[in-house]
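Reader: Please take me closely through one part of this model. I would like to hear about a pocket, its lining and the charged pairs that go with it.

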Amino acid sequence: MFDVENIRENLWREANPRVDAMLTAMRPDDRQLSPGARLYPRVAAALDTAQITPTVIPTEEVLTQIGITYEHSNFPDRKPQKFGKAKVKPAGASDREFFSAAVEAATTGPIGLRTVVVHDASAFKWTPPAFEDYAPTLVAWPVPAGYTTARVGRAVVALARCCHWCRGWFAALGDALAVSCGAVTHLFPACVGCRMDLDRERGETGYEGRELLDWITNDGWDAATGYPADRWR
């Protein structure tokens with residue numbers, strides 16, 4: 001089973017992009033993120049708000065703007081390169097065409113894909129061209145073939161500038177609390193102080209011996225090492 005999954009995620013070029021998109025949607029993550037989220041009152045409140053917040057699926061052009069591309073996906077199957085000296089080879093025309101078809105499948109259906117949504121004052125908002133008279137809406141980033149939820153999460157966390165918890169603004173925020181909610185993973189960016197506060201609150205839940213919260217972190221390592229495939233991290 002591992003060999004089949006590895007071929008599909010990293011090496012197989014002749015797969016139908018729409019089929020790959022469906023398989024990506026149906027394949028669950030390794031485990032639920034932040035299983036104890038509801039034990040934290042303020043996390044539970046944040047999740048309640050997140051679940052009723054309108055979102056919109058972006059186009060491939062928007063995905064490209066933030067670096068969700070073939071070059072940064074699992075498909076090239078790169079191992080980590082020397083830190084700070086990495087070079088990412090541009091994708092060839094056939095690879096770009098393949099990934100473009102996969103993204104089209106991911107953003108147009110026919111079934112809903114797994115998505116990642118960032119919640120903070122600086123979160124990326126967008127209005128589809130066909131609805132240019134409407135106010136910008138929070139983006140739900142799709143997890144296309146060649147990506148994992150964590151990989152998309154690391155890409156979009158890099159955009160965060162405002163801590164969801166204290167509302168403070170920073171030059172960069174690399175951490176976000178990640179909470180699974182069905183096919184959607186909600187990310188709540190956190191500054192260092194707020195992350196420490198949330199970690200300390202675990203003692204108040206009565207489950208000190210368990211990991212109740214999960215974090216997605218973008219510390220620049222992926223970019224500095226040439227965006228290695230997840231299996232090489």
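Author: Helices here are DSSP runs of H or I, at least four residues long, numbered from the N terminus. The model is predicted.

Take the second largest pocket. Its space comes to about 220 Å³. The lining has 14 residues. Nearest the centre lie R154, A155, N218, D222 and Y227. Helix α6 (149–157) and helix α8 (221–224) each give at least two lining residues. α6 gives the largest share, three residues. By type, the lining holds seven nonpolar, four polar and three charged residues.

Now the charges. Side chains of opposite charge can pair when their charged atoms come close. R154 and D222 belong to a salt-bridge network with R151, D230 and R233.

The structure has ten salt bridges. One of them joins D77 and R231, with 2.7 Å between the closest N and O atoms. D77 sits in the loop between α4 (60–65) and α5 (93–108), and R231 in the segment after α8, so this pair ties together parts 154 residues apart in sequence. D77 is buried because its relative accessible area is 15%, under the 20% cut-off. R231, at 37%, counts as partly exposed.

Helix α7 (residues 192–200) shows another pattern: R195 and D199 are four residues apart, so about one helical turn separates them. Their salt bridge spans 3.8 Å, N to O. R200 and D197 also pair, with closest N and O atoms 2.3 Å apart. They are three residues apart in α7, again about one helical turn. R200 is exposed at 54% relative accessibility, whereas D197 is partly exposed at 31%.

Terms used. Residues numbered from 1 in each chain as written. Predicted model: local features only at pLDDT ≥ 70, side-chain atom pairs only at ≥ 80, totals over all residues. Heavy atoms only, no water. 1 Å grid on protein atoms, 1.4 Å probe; cavity = no way out; pocket = protein on both sides within 12 Å on 5 of 7 lines; lining within 4 Å. Points joined across faces, edges and corners; volume = space filled by probe spheres on them. Nonpolar A, V, L, I, M, F, W, Y, C, P; charged D, E, K, R; others polar. Salt bridge = Lys/Arg side-chain N within 4 Å of Asp/Glu carboxyl O. Buried < 20%, exposed > 50% of the residue type's maximum accessible area, 1.4 Å probe, protein only.
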